Every structure is written in structure tokens, then in C-alpha cells.
Amino acid sequence: MADRDPLRYFRIEAAELVDQISAGVLDLDQQPGTEVVARLLRYAHTLKGAARVVKQPEIAEQAHAFEEVLVPHRDDASPLPADEMRELLRLNDEIASRVASLQGQNPGSEVRGVEAAPAQETPPPPDPAAPPPEPAETAPAPERAVTADLDELLDAIGEANSRIAPLRDGSRTLATLHRRVETLGDRLRTGRIGGDDAVTRGSVQRLAADLGALGRRLVDAVDQVERELDEVRGRAEGLRLVPAGTIFTALRRAVRDAADADGKRVHFHATGADVRMGPQLLNQVSGAFLHVVRNAVVHGVEPEPLRLAAGKPAEGSVTVHVERRGRWAEFRCTDDGRGFDLDALRRTAVDRGLLSPGADSDPRTLIDLVLHGGISTSPAVTDVAGRGIGMDVVRDVADQLGGSVSIDNRPGLGATVLLVVPLTLLSMNGLLVEAGEHTVTMPLDAVRRCVRLSAEQTSVAIDTGRLAHEGRVVPFLPLCRALHQESELTGTGVAIVLSADGETAAIGVDRLAGTTTLVARPLPDLAPAAPVIGSVSIDLDGNPRLVLDPHGLVAQARQVGPTAGGPATDTTGRQLPILVVDDSLTTRMLERSILESAGYEVDLAASGEEGLEKARSREYGLILSDIDMPGIDGFTFVAETRADPTLARVPAILVSSRATAEDRRRGAEAGASAYVVKGEFNQEELLSHIRRLILR
């Protein structure tokens with residue numbers, strides 16, 4: 001039977017090729033080279049051939065014309081002339097427009113279109129003097145046919161999962177039979193029942209072994225199938241979502257067109273393309289951010305002479321960054337231009353009656369006026385500026401989506417527009433963890449390392465709220481406590497080291513349960529959750545599973561941080577001694593001489609290991625440690641003392657020949673209270689640090 005929709009697969013392929021061609025043209029504009037030309041020729045040639053197969057001659061002819069412009073530059077790495085680049089952009093827009101028009105045709109009209117395209121449907125040729133049409137302001141919506149296929153796939157996965165349930169019951173039945181046969185064998189062997197000949201006993205033993213092996217294979221097979229179905233379901237649901245990178249080409253084109261219209265050179269850079277979210281949300285954000293990037297070019301980036309006079313590169317830059325933060329998505333646009341002209345905004349606001357003449361308006365008030373629309377500092381209305389309706393579009397989108405928008409203005413340096421919106425659906429890879437009675441998911445992109453903890457390490461980390469990790473001390477938070485469970489982390493466990501907002505923390509869990517691909521959904525409005533909970537996903541059986549928020553976890557873990565300092569005397573009032581840890585005999589003796597001359601009692605250790613042993617066997621008022629020592633180095637030594645509940649309050653000073661800012665930073669992160677450089681050694685400075693720390 002013939003396909004009732006002969007353009008079904010062409011639509012999908014053509015849309016992908018148009019996206020690749022659009023991105024390639026912009027690559028060629030900013031970074032010309034033979035490799036980009038060759039790539040564009042391949043895309044255009046593929047599109048031309050596919051269009052001819054499904055009898056779409058207009059698209060094929062435009063793709064051929066696109067090729068004709070590029071062929072002379074196949075071996076030429078120099079930039080294309082401006083008129084040829086404009087022609088490529090025009091052809092690209094025409095091809096994109098025709099491919100987009102196919103999305104709305106019903107199958108019947110497509111069949112007729114394949115047979116013969118009516119001549120009157122061909123649009124008149126564009127005016128060469130007219131500016132190229134603006135790119136579409138929305139990201140392409142997913143194909144209805146593809147969505148229907150995904151629905152069918154998800155239904156099939158659910159049906160397959162329901163059919164696995166009897167197999168799980170069968171494995172339990174096999175286990176029961178295995179136990180009964182083993183019991184029968186025991187009774188035969190002990191003579192409690194008849195049939196104790198060797199043949200009968202051997203048969204029963206073989207039957208028990210076979211049943212046991214069959215049961216184990218069945219359980220393993222069912223577990224494997226369930227894991228794979230869960231993975232397939234997660235990936236299928238993820239296909240409903242759209243990567244943020246799908247809007248980057250349109251934004252990049254908007255920057256290119258605005259810069260071309262203003263006679264400027266502007267480089268566009270984007271990050272966060274792999275963050276996946278619902279297409280409707282992304283469409284709305286895309287339309288709003290087209291205004292943002294155009295404003296960045298027109299109002300922000302200065303003309304080349306002014307940039308050079310200000311010591312800036314001749315080429316301006318506009319950067320778009322997309323990031324997931326828990327249950328929110330952040331869209332950030334930053335430029336390196338002049339920032340918002342506050343004086344011009346003030347004059348315009350006064351002229352519009354939004355401010356009284358002579359009123360003292362702070363910069364934040366003026367920036368807020370921009371978000372309410374109708375204010376533009378452009379001297380004239382052009383195709384890309386002057387109407388004052390750009391930023392209020394962003395505000396409207398934020399209001400519609402339940403988000404917020406803010407502007408960070410840096411006069412003379414540029415501006416950043418930040419749009420934050422709640423995520424309705426989000427695809428991610430997750431790490432399944434068990435804590436108490438719950439199995440929850442941690443976003444895998446925030447996990448830096450998993451560390452197995454002994455029972456002793458777990459106990460120390462819980463008591464101190466700290467964990468020594470890679471030569472530094474990080475806050476430690478048992479997940480049971482964060483989820484307000486009655487059970488506590490005991491015995492061996494796992495510390496999951498997370499990073500968020502540039503901070504690091506360790507989260508203690510009972511065990512790891514594998515990884516998964518999932519689609520996270522927002523929590524219901526009537527179900528408020530702790531800050532550590534970001535969203536919820538649905539497992540293979542249809543049950544909700546919490547998805548944790550790394551930012552909330554790190555913030556809660558850091559509420560209890562390491563504290564330095566402590567008592568300078570013991571319970572009898574006697575001044576506590578100082579422990580000097582250094583592998584150099586000369587340094588140990590010099591420091592002991594200085595300290596004893598100042599009236600302190602001193603103990604010595606020649607290594608970090610010996611230092612830890614002595615520190616745990618006697619009470620000290622302060623520890624002095626070298627960094628570069630065999631075995632445990634100084635960073636690790638200090639971190640270990642900060643993580644030990646009996647030593648955490650004893651201040652530590654690092655004394656080292658290392659003098660870089662990075663080493664000082666590492667020392668502070670490890671928990672050192674002071675850092676003294678041997679090459680800049682000053683006896684009074686050292687004693688000053690000691691008096692300050694040992695007396696507090």
C-alpha cells in the first residue's frame with residue numbers, strides 16, 4: 001500500500017538540513033574556510049537530491065542556486081564577498097520558508113503537490129534591494145507524526161512492563177519450589193522419609209540445583225529487562241523535549257542581521273545547547289531573546305571607532321548562556337558594549353512623562369523603566385530599533401511563564417539580561433541513591449565523585465559535619481537528615497561530592513542504585529517541598545520519585561561549616577603546647593627555638609602521619625605544619641584534622657616555601673587558619689598569628 005503521506009520523512013530530513021545549512025552559513029560568515037564550504041555543499045546537495053525525489057522542484061532549484069554560489073570557493077579559504085554572502089542568506093531564507101510551508105500541508109494536499117505544484121503558488125522573486133527577511137522567531141515545533149510515534153512507543157513500553165509482572169511472580173514461585181526440593185533432599189539424606197537410595201537422592205539434588213540455577217537466571221533476566229525498559233522509557237520521554245541549542249541559530253542570525261544593518265562587527269557565542277526542555281517554553285523564550293540580542297547589538301555594542309578608542313577589540317561580542325538550576329532554567333545574554341545609557345534613558349523618561357524633571361532617579365529605577373516598554377534611546381526608528389517594544393516582550397514572557405527578568409548594567413563594560421523561568425519538563429541523566437527508606441535521584445551533571453566511607457569515617461563526618469576530600473575539607477550532609485527522615489546514616493556509606501554555584505559539598509547516602517535517564521516534572525503547587533527537592537520523575541511502575549536540587553543540597557550542607565580556633569588552655573588552666581610538623585630537621589629545630597623563646601611548650605613530628613598520631617594522643621593549642629612532606633602532605637594533614645571531631649577546633653598554620661595565590665587558596669580550603677611563606681619568613685609575623693589564634 002502506498003504511503004498516504006509521501007513527504008513525511010522529507011519534512012524531517014529537510015528541517016534538519018535547513019538547520020544545518022543556516023548554522024553553516026553563519027559559521028562561514030564568522031570563520032571562513034574550505035571545510036565550512038565543503039560542509040555546506042554536502043548539505044545543499046543532499047537537500048537538492050531529496051527534494052527532487054519527492055517532486056519539490058522549487059526547493060531543489062534553490063538548493064542548486066545555493067551550490068552555484070559556493071562552488072567557486074571550494075578551494076578558497078578567504079571570506080566570501082559581501083554580496084555573495086547576502087545571496088547565500090537570501091537563498092537560505094527562501095529554502096527555510098518553503099520547507100516550513102510544507103509542515104502545514106495535510107497529506108492529501110501533499111499528494112497533489114507531489115504530482116504537480118500549481119504555478120500560481122510560486123511567489124514572485126524578491127526585490128534584490130530589499131533587506132533579507134528576518135528569521136522565524138520561534139524554534140521549530142516537533143513533528144506531530146513524531147509525537148504520535150512516541151506516544152505509541154511509550155504505550156508499548158507500559159504494556160511490556162505489565163507483562164513482566166507475571167515473570168517476577170514466576171521467579172518467586174521458582175524460589176519457593178527450590179526451597180521445597182532442598183527440604184525434600186535434606187529429609188531423604190537424614191532418613192526421615194523413605195527413598196534413601198543413591199539414585200533418588202541424586203535426582204533430588206540435581207532437581208534442586210536446576211531449579212536454583214533457573215531461578216537465578218530468571219531473576220537476572222527480569223532485572224535486566226526492567227532496567228533496559230526504564231532506560232528506553234526515559235529516552236523516549238526525553239525525545240519529547242527540545243535541546244536549547246535549537247534556538248541558537250535564529251539568535252545568531254538575528255545578531256548577524258542587526259550588526260550588518262548597523263555596520264558593526266559582532267561575534268556571537270552560545271553555551272548550554274544540550275539543556276533539554278519543553279518546546280512550548282523554548283518557543284516563547286526564543287521569541288523574547290530575539291529582541292534581547294538585537295538590543296545588545298544596536299544599543300549595546302559601540303561602533304568600531306568608539307570601541308578602539310575605549311581600548312576594546314574592534315569586534316563586539318554577544319554571548320547567550322542557558323543553564324538549568326534545579327527546577328528553573330536561566331537564559332542569560334551578555335554583551336561587551338557600553339551598557340545602558342542612563343542619561344539618555346532619564347531624558348527619554350522625562351520626555352514621556354514617566355519621570356518628573358529634576359527627579360533624583362537611581363540607576364535601578366531607570367533600568368526597570370526599560371522593562372515596561374515604550375522607552376528607546378535610538379534616535380530614529382529602524383528595522384531593528386527605535387520602537388521601544390523589545391524588553392517589555394521579555395517581561396511579558398517572564399510573566400506568562402511565572403518567571404522573572406533582571407538587568408545587570410555595567411556602564412562602559414556592557415550589560416547582562418537574565419531571564420529565569422520554571423521548567424515544566426526537563427530531560428536529564430540521574431544517579432539513583434538510597435537513603436533510609438527512600439530511593440531518590442540526583443542530577444548526574446552535578447556529581448563530581450562518589451567516595452565509599454567506612455563506618456568510622458561515616459561517624460566522624462556526621463559528628464563534625466565535614467569530610468576530608470582531596471586535601472580540602474567540604475561540608476557533609478546526611479541525605480536522611482536533609483529529607484527529615486527519622487532514620488540516620490549508620491555504618492558504611494557513600495559520600496557523593498556535588499558542585500553547585502561554585503561551591504562543593506558531600507552528601508551521605510546508604511548506597512548507590514545505578515543511573516537512569518529521566519524526565520523531571522515540577523512539583524504540584526499544593527505540595528510544597530524542602531529546598532533540597534527540585535522536581536519529581538515517574539518510575540517504570542508509575543510511582544513518583546523525588547529529584548534532588550544540587551543547589552539546595554549544597555546550600556543546606558554549607559549552613560554548618562568548619563570552625564577554627566578553640567581553647568588555649570586545658571581544664572586545669574595550663575597553656576596548651578604547640579605541635580610542629582615538618583620533615584626538615586633544620587626547620588623543626590628553628591621553629592621550636594622561636595616558639596620556646598616565646599614561652600610555648602613544643603612537640604615535634606617529622607611527617608604528617610606522625611603528626612596525626614601525636615595530635616590524637618595529646619591536647620594541643622595550635623599546630624604548625626609544612627606542606628611538602630612525604631606521605632601525607634600539609635594540605636591533607638590539615639584537612640584530616642578539620643574532619644576529626646577531637647581536632648577540628650585546634651587552629652592550624654601552614655608554613656611553606658610555596659608562595660602562589662593558588663597554594664594559599666588551597667590552604668584556606670583545607671581549613672588552615674593562617675599561611676606563612678618560608679621565603680618571606682618573619683618571626684614576629686609568625687608569633688603574631690600564634691598569639692591571635694591561641695588566645696581566642
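This is a predicted model: local features need pLDDT of at least 70, side-chain atom pairs count only at pLDDT 80 or more; totals for chains, interfaces and linings use all residues.
We can begin with the packing of nonpolar side chains. The largest nonpolar core holds 52 residues, and the members that touch the most others are Leu251, Met277, Phe289, Val318, Phe331 and Leu419. Helix α9, spanning residues 279-300, is the main contributor to this core, supplying 11 residues. Another core lies apart from it and has 31 residues, including Val18, Ile21, Phe66 and Ile95. Returning to Leu251, its contacts beyond four places in sequence are Phe268, Ser286, Phe289, Leu290, Val293 and Val320.

A glycine in a loop also deserves a look. Gly33 sits between helices α1 (8-30) and α2 (34-53). Although placed in a loop, Gly33 has a relative accessible area of 14% and therefore counts as buried, the cut-off being under 20%. Setting aside residues up to four places away in sequence, Gly33 touches Leu28 and Ala77. Its C-alpha atom is 7.6 Å from that of Pro79, a residue 46 positions away along the chain.

Five strands form an open sheet with parallel pairing, in the order β19-β18-β20-β21-β22. On average, neighbouring strands are turned by 20° against each other, direction ignored. Strand β18 (residues 578-581) runs parallel to β19 and is joined to it by four bridges; Val580 has Leu604 of β19 as its bridge partner. Helix α19 (residues 634-643) lies across β18, β20 (622-625) and β21 (652-656), and runs at about 180° to β21.

Methods: Residues are numbered from 1 along each chain as its sequence is written. Side-chain values use heavy atoms; hydrogens and water are left out. A nonpolar core is a set of buried Ala, Val, Leu, Ile, Met, Phe, Trp, Tyr and Cys residues joined through side-chain atoms within 4.5 Å. Buried means under 20% relative accessible area, exposed over 50%, partly exposed in between (1.4 Å probe, protein chains only). Helices (H or I, at least four residues) and strands (E, at least two) are DSSP runs, numbered from the N terminus. Contact means heavy atoms within 4.5 Å. Two strands pair if DSSP finds at least two bridges between them. Axes are lines fitted to C-alpha atoms, for helices over the stretch in contact, and angles run from 0 to 180 degrees between N-to-C directions.
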